[in-house]
Amino acid sequence: MQPAPRESYRRRQDGAVEISELWRILWHRRVMILAIAGLLAGLALAYGVVTAPLYTASAQLLIDPRDRNVVSNDVNPSSVSPDGGLAQVESQASVIQSTSVLMRAIRSTHLTEDSEFNGLGLLSRLLGRVANDTPNADGSLTPAEARALANLRRKFSVRRADKVFVVDVVVTTKDAEKSAKLANAIAEAYLADQADARSKAATEASDALTARLDEQRKRVEKAENAVERYRAQNNLVASSGRLISDQQLGEISNQLSAAQARTAALKSQVEQIAQQRRGGSLAGNSTEAIQSPVVAKLREQEATLVQREADLQSQLGPRHPSIGAAQSQLVQIRRMIATEIARIEQSVRTDYERAQGNEKLLAGKLEALTRQTQGADQASVRLRDLQRDLEAARTVYANFLLRAQETREQANLDTTNARVISRAQPPQQASWPPTLPLIAAAGMLGLGLGAGIALISEYAAPHLISRAQAEALVGAPVIAVLRPGKPAAKRRWRLRKTPPAPAEARSEAGFALLRLFNTSETAATAARSLLLTSVEGDAGDRERVTDLLAEAAVQQGERVLLIDADLEKEPEETGPGLMDLLRGESSLEAAIHFGASKDVAMMSGGRRKAPPQKGVGRTFAARMLADASRHFDLVVMDGGSLGRNVGIAPLVGMAEEIVLVTRLYGTRQQDIVQAMEAARIMGRSITATILVDGSGRG
């Protein structure tokens with residue numbers, strides 16, 4: 001009977017593999033993956049054993065972006081860049097790798113005589129490419145130096161950590177002592193190169209400045225001659241840096257100011273004296289009279305006489321002769337005071353008149369000098385221009401002379417801003433090859449490579465790898481996953497005993513039959529029948545599964561008819577069989593034969609002389625199954641590969657169940673799709689699938 005369509009199973013024919021099933025692929029191909037990992041690990045171990053050890057030594061340099069401020073240094077400026085000097089340190093790291101520094105180290109360590117750095121390769125020796133090692137006339141590198149330099153570059157590196165000014169000079173060679181020696185030599189060569197470069201720069205700057213001194217001196221002399229010549233042409237005589245006319249003008253101006261002040265003061269005194277005269281008082285109260293020592297002395301004598309006169313009057317009386325004598329002396333003294341004051345008044349007037357004359361004289365001289373100076377102003381403007389040119393030339397000359405002397409002294413000073421903070425020491429252990437890490441890395445690489453090859457192989461030709469994938473691909477349920485054990489030497493059709501299948505496989509085969517046929521249903525008019533098919537490469541698995549199903553049915557108390565319907569193999573018997581029944585040339589009783597058990601009957605493929613006609617074949621196939629139902633409970637047919645076994649097409653259409661037997665991890669999905677297509681062309685579709693676990697293969 002035709003089974004109802006199973007809508008719960010979607011057919012997937014695109015050959016895709018789900019991500020969740022990748023581990024199945026890797027586990028199935030684990031032997032290949034482990035073999036590749038083991039091979040690479042073995043190669044790494046062999047490399048570590050046969051490779052000569054290498055030793056790495058490093059020297060540390062501190063490169064300060066700021067120079068040592070021994071003197072003012074404009075030849076090698078020490079300004080720090082906005083990035084904190086890191087770009088300058090990176091530049092110095094490149095200088096360490098320069099040819100000039102490395103050649104210093106090569107010559108100081110005689111590296112051209114070292115076979116590790118100057119040895120010719122095997123190919124060069126075979127081809128006879130041995131160059132002449134004599135020094136070149138142009139100062140270029142000799143072939144030996146060039147080889148040593150190239151080899152040193154391959155074994156040497158400069159490293160710097162982020163945001164620090166410390167540079168590591170790293171050298172790797174076959175000898176620990178040699179590595180340390182070369183690292184220290186490169187560090188010292190860098191320091192020497194920097195010192196020489198700075199000294200050379202200072203010397204070149206000094207030489208350049210010295211070469212310009214004569215030119216600057218001539219410019220100063222030319223400017224001085226121009227100033228003097230212009231002064232002579234324009235009568236501009238100078239003293240202490242100033243024109244004499246300007247000095248005289250200033251002096252006369254100062255004298256005139258002083259004379260005017262004196263005249264004003266004397267005029268004030270004269271007016272004061274005249275005012276006192278008009279008031280009827282003596283001029284003895286004037287400032288000059290008060291300050292005069294003669295007047296002061298006479299006034300003292302006057303005061304003494306007045307006091308004496310008063311004393312005499314009180315003692316002798318007003319008529320005594322002594323009082324008269326005192327009064328006569330007092331009159332004389334007062335006359336002398338008046339005379340002195342008159343003299344002082346006359347002297348003040350005389351001084352005032354003299355001051356007026358002096359003021360007029362100085363004013364005249366000032367006017368004359370002013371006119372003279374105004375006439376020379378235009379010439380002075382040009383003179384000042386010439387003097388400014390002269391001062392500029394003198395300043396430039398002085399600066400050149402000072403800088404030439406400073407740079408000459410800087411050539412003898414070491415202002416290098418780098419120093420060795422850690423000298424290289426011979427390493428105690430080899431840095432290469434790291435055998436254990438190499439083996440581990442090779443093993444991990446092998447695992448990755450093996451996994452990649454496994455996945456690529458699977459995706460290139462996908463195989464069936466899981467039960468869910470089989471159900472999705474075939475569109476039918478998987479009724480059993482069997483491990484049938486080792487294949488039998490002969491088939492049951494030969495009526496010989498075969499090795500017993502594992503108990504687990506027999507049990508799973510019995511459950512497969514229960515899943516295929518519902519035993520609670522009433523018996524059909526025809527015997528229950530199932531036809532097993534597979535791809536061509538799974539023929540052995542199909543035959544063993546056929547035996548297992550028959551054995552499981554017998555254990556369940558059923559009588560079984562086994563039909564060998566695989567017509568593509570060589571016939572084992574020449575008597576009547578399946579093809580004879582489909583052509584109507586034999587009966588069921590004549591085509592079957594029993595073995596040791598009366599519960600199992602076998603039928604061979606029969607004689608292949610001519611295939612039955614399509615309609616006739618289906619009729620006789622239905623008659624055969626009807627006849628079999630009277631004697632057997634189950635008919636199990638080995639249908640071979642339907643893509644090649646097209647002769648049983650009438651039988652395919654009459655079988656109750658079409659079971660596909662396929663091997664996990666061994667059957668390609670493309671072959672399964674072809675088997676399904678062959679069944680569809682014969683008028684049926686696969687109704688169930690039995691999987692054979694590849695691990696069950698002995």
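User: How many residues does α15 have, and what does it reach from its first C-alpha to its last?
Analyst: This is a predicted model, in which local features need pLDDT of at least 70, side-chain atom pairs count only at pLDDT 80 or more, and totals for chains, interfaces and linings use all residues. Residues are numbered from 1 along each chain as its sequence is written, and side-chain values use heavy atoms, with hydrogens and water left out. Helices (H or I, at least four residues) and strands (E, at least two) are DSSP runs, numbered from the N terminus. At 1.5 Å a residue, taken times one less than the number of residues, the expected span is 20 Å, and α15 comes close to this with 14 residues and a reach of 20 Å.

User: What is the order of the strands in the open sheet?
Analyst: Two strands pair if DSSP finds at least two bridges between them. The sheet has eight strands with mixed pairing, and the order is β7-β14-β13-β8-β12-β9-β11-β10. Pairing on one side only marks the edge strands, β7 (478-482) and β10 (592-594).

User: In β12, which residue is the bridge partner of L530?
Analyst: Strand β8 (residues 528-533) pairs with strand β12 (residues 634-638) in the parallel sense, over five bridges. Within β12, the partner of L530 is V636.

User: What angle does the direction of α15 make with that of β7?
Analyst: Axes are lines fitted to C-alpha atoms, for helices over the stretch in contact, and angles run from 0 to 180 degrees between N-to-C directions. Helix α15 (residues 503-516) packs on the sheet and touches β7, β8, β12, β13 (657-663) and β14 (688-692). Helix α16 (residues 539-555) lies across strands including β8 and β9 (560-564), running at about 160° to β8. For α15 and β7, the angle is about 170°.

User: How many residues apart in sequence are the parts that D114 and K178 tie together?
Analyst: A salt bridge is a side-chain nitrogen of Lys or Arg within 4 Å of a carboxyl oxygen of Asp or Glu. D114 and K178 form one, with their closest N and O atoms 2.8 Å apart. D114 lies in the loop between α4 (99-109) and α5 (115-118) and K178 in helix α8 (residues 176-234), so the parts tied together are 64 residues apart in sequence.

User: Which strand holds R663, the salt-bridge partner of D541?
Analyst: The salt bridge of D541 with R663 has its closest N and O atoms 2.5 Å apart, and both residues are buried. D541 lies in helix α16, so the pair ties together parts that are 122 residues apart in sequence, and R663 lies in strand β13.

User: Where is the cis peptide bond to P433 found?
Analyst: The bond from W432 to P433 is cis, with omega near 0°. P433 is in the loop between β6 (418-422) and α13 (435-460).

User: What is the relative accessible area of Y665?
Analyst: Y665 is not a glycine, yet its phi is positive, at about 65°. The residue is in the loop between β13 and α21 (669-681). Y665 is buried, and its relative accessible area is 17%.

Notes
Contact = heavy atoms within 4.5 Å. Buried < 20%, exposed > 50% of the residue type's maximum accessible area, 1.4 Å probe, protein only.
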